[in-house]
Amino acid sequence: MPSKFKEAGWSDLANNRKTPRNAVAITAELRMSVGQKFQVSVLDLSQTGFRLETGNYIAVGTRVYLAIPELSSLPARIAWNDRNYYGCAFLHPLHQSVFAHFALKYPSLTG
């Protein structure tokens, strides 16, 4: 588990993961279902979800769309938040090859 994940107090969540999670460094765009959009940092990624950091507040349960370069918008739902960190669940899991491509293309230098 990445140290920044432990420092944020999410060890219990990390132990309950059903799919492998990779630390990544992706600058992406997040669009709300009402049209507002802003830039976010995706910090880790799995086939079923991702963790992001943003200064914008997003309510738990909100449907969002993640736009990663080279990929169409991916629908997701905000599952939890802690300060500027948000855990998001994809509405449709990523295909294994898509997940592997982005995990290799955008590795985190600190994870």
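Two strands count as paired here if DSSP finds at least two bridges between them. Helices (H or I, at least four residues) and strands (E, at least two) are DSSP runs, numbered from the N terminus.

With that in hand, here's the overall fold. This is a predicted model, where local features need pLDDT of at least 70, side-chain atom pairs count only at pLDDT 80 or more, and totals for chains, interfaces and linings use all residues. Residues are numbered from 1 along each chain as its sequence is written, and side-chain values use heavy atoms, with hydrogens and water left out.

The chain has 3 helices and 6 strands, following the pattern α-α-β-β-β-β-β-β-α along the sequence. A closed barrel of 6 strands runs in the order β1-β2-β3-β6-β5-β4, with antiparallel pairing. On average, neighbouring strands of this sheet are turned by 45° against each other, direction ignored. Zooming in, β2 and β3 are joined by 4 bridges in the antiparallel sense, and L45 stands opposite F50 in β3.

The buried residues of α3 (residues 96-105) are F99, F102 and A103. They sit on the same side of α3 because they cover an arc of only 100° around the axis, judged by the directions from the helix axis to the C-beta atoms. Their cover includes β1 (22-32) and β2 (37-45), where contact means heavy atoms within 4.5 Å. Buried means under 20% relative accessible area, exposed over 50%, and partly exposed in between (1.4 Å probe, protein chains only). Buried residues make up 41% of the 111 residues in the chain.

On to the rings. Rings of Phe, Tyr and Trp (its six-membered ring) pair if their centres lie within 6.5 Å; planes under 30 degrees apart count as stacked, over 60 as edge-to-face and the rest as tilted. The count comes to 2 aromatic pairs:

| Pair | Centre to centre | Between planes | Type |
|---|---|---|---|
| F50 and F90 | 5.1 Å | 40° | tilted |
| F102 and Y106 | 6.0 Å | 5° | stacked |

F50 in strand β3 (residues 49-53) and F90 in strand β6 (residues 85-90) are 40 residues apart, so this pair links distant parts of the chain. F50 and F90 are both buried, and so are F102 and Y106.

Key. Axes fitted to C-alpha atoms, helices over the stretch in contact; angles between N-to-C directions.
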